[in-house]
Amino acid sequence: MIKRYTIRTKKEVELIDITREVAGAIAEAKVEQGIASVFTRHTTTAVFINEMESGLLRDYLTLLEKLAPPRAGYAHDRIDSNAHAHLRSMLLGSSVTIPVLEGKPVLGTWQRIIFAELDGPRERSFLVSVVRSREWSR
Amino acid sequence: MIKRYTIRTKKEVELIDITREVAGAIAEAKVEQGIASVFTRHTTTAVFINEMESGLLRDYLTLLEKLAPPRAGYAHDRIDSNAHAHLRSMLLGSSVTIPVLEGKPVLGTWQRIIFAELDGPRERSFLVSVVRSREWSR
Amino acid sequence: MIKRYTIRTKKEVELIDITREVAGAIAEAKVEQGIASVFTRHTTTAVFINEMESGLLRDYLTLLEKLAPPRAGYAHDRIDSNAHAHLRSMLLGSSVTIPVLEGKPVLGTWQRIIFAELDGPRERSFLVSVVRSREWSR
């Protein structure tokens, strides 16, 4: 099953917890065991998994700012001044996979699925795809 | 279905658009809904998804050069002088997953699947695996 | 099929070869063709694929130390002094996908599946999920 979610981001750079949406799609797929893939459809966003503690949220953004600072003489900025957002997206990645067990994502205590807006605010969308394992393995 | 593609890279560092090959494998798999995984079989290459604009292509490589410069006193370089290529591969990753709908990869307008040669030129190969979701979800 | 493995790490930062465990789970799943996902359940660990040469192992850690040095004034460190481990996990990622063929992971000659302990030593766990492709594709 594939489910598409739309979100309206509010800031230029923003980290949004999408764990509930992903868990909802997995529950709807009624898959006993399998894999879920979360995929963003944009080249200036990313998806990753980590803790959502407020200090850490600032630390993630500070590191991205350090590794790929905005408007640092990029070739792409002559066309569109968002090369840094593409570069940050390249470092973080466009997709994650998560194991599914008994209709739920198997996440550790502190793991949250995070959608990274890197060139907002905009309307964005991401997809959750769920595939099941063989029945005999239940 | 798993399909293997071979490519001959032409430069030491090169970013190659493999979207057409991946879409071809997905079409051949005749999967209505599911997940495709694109996987490189080498430790000095990577796969990622982003825009292929010519300025950006230079920016991606400049960032990799900055984060993992060549021959910067690496321990591995005493054996083989390509530690920087392994490090860049570690940062970018060996695989991506992409949702499949109606026999096609669901990609955003600017998204292209990019094979990164980081220690070429060489003959390289990558694999596309396609798995389907449950029928009842169509 | 989903299989959970527990490992006891021995150092603060440690790279552990889990290829044998992953191959074991794939063999047990008896999947002719498909995809395996390897997923860590912790926010201060990561999973990636690359070569395990001893010099390279030091180079990987040196790069992580450079990109996200410990205790560099992070906001999260006021709560728990391991922000650098979360940041390194964000850069490396929590999951990888690997093609499966004839009950085996399709890995290149030098590719090993690596579990990265970034804030140990601790007891850790990771999951291997295997899904198969359609039969007609065999």
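This section describes the chain fold, the relation between the copies, two interfaces and selected local features of a predicted model.

Chain A is built from three helices and eight strands. In sequence order, these elements of chain A follow the pattern β-β-α-β-β-α-α-β-β-β-β. Taken along the principal axes, the C-alpha atoms of chain A fill a box of roughly 55 × 30 × 25 Å.

The arrangement of the copies was examined by superposition. Two copies of a chain are related by a rotation about an axis and a shift along it.

The interface of chain A and chain C is considered next. The size of an interface is often given as the accessible area lost when the parts come together. Between chain A and chain C, the buried area is about 2,800 Å², and carbon and sulfur atoms give 62% of it. On the side of chain A that touches chain C, two or more residues are given by each of the strands β3 (33-40), β4 (45-50), β5 (95-101) and β8 (123-132) and the helices α2 (54-67) and α3 (83-92) of chain A. The greatest contribution to this side of chain A is that of α2(A), with nine residues. Classified by residue type, the side of chain A that touches chain C comprises 20 nonpolar, nine polar and eight charged residues. In terms of contacts, 37 residues of chain A meet 37 residues of chain C.

For chain B and chain C, the contact takes 37 residues from chain B and 36 residues from chain C. The two chains bury about 2,800 Å² between them, of which 62% lies on carbon and sulfur atoms. Of the area that chain B buries against chain C, 22% is supplied by B:Ile2, B:Phe39 and B:Met90, more than by any other three residues. The salt-bridge count between chain B and chain C is zero, while the count of residue pairs in polar contact is 15, with both residues at pLDDT 80 or more. At least two residues of the side of chain B that touches chain C come from each of α1 (19-29), β3 (33-40), α2, α3 (83-92), β5 (95-101) and β8 (123-132) of chain B. Among these elements, α3(B) provides the largest share, six residues. By class, this side of chain B holds 19 nonpolar, 11 polar and seven charged residues.

Aromatic pairing was searched over the whole structure, and nine aromatic pairs were found over all chains. One of them is formed by B:Phe48 and B:Tyr60, which are arranged edge-to-face with 5.4 Å centre to centre and 85° between the planes. This pair links distant parts of the chain, 12 residues apart: B:Phe48 lies in strand β4 (residues 45-50) of chain B and B:Tyr60 in helix α2 (residues 54-67) of chain B.

Backbone geometry was also examined. In chain A, the peptide bond from A:Gly120 to A:Pro121 is cis, with omega near -5°. A:Pro121 is placed in the loop between β7 (112-117) and β8 of chain A. In chain C, the peptide bond from C:Gly120 to C:Pro121 is cis, with omega near -5°, and C:Pro121 is located in the loop between β7 (112-117) and β8 (123-132) of chain C. A further loop residue of chain A, A:Lys30, lies between α1 (19-29) and β3. The phi angle of A:Lys30 is near 50°, a positive value in a residue other than glycine.

Conventions
Residues numbered from 1 in each chain as written. Chains lettered and ligands numbered in written order. Predicted model: local features only at pLDDT ≥ 70, side-chain atom pairs only at ≥ 80, totals over all residues. Heavy atoms only, no water. Contact = heavy atoms within 4.5 Å. Buried area = accessible area lost by both parts, 1.4 Å probe. Helix = DSSP H or I, 4+ residues; strand = E, 2+ residues; numbered from the N terminus. Nonpolar A, V, L, I, M, F, W, Y, C, P; charged D, E, K, R; others polar. Phe/Tyr/Trp six-rings, centres within 6.5 Å; stacked < 30°, edge-to-face > 60°. Salt bridge = Lys/Arg side-chain N within 4 Å of Asp/Glu carboxyl O. Polar contact = N/O pair within 3.5 Å; in protein donor to acceptor, adjacent residues only side chain to side chain.
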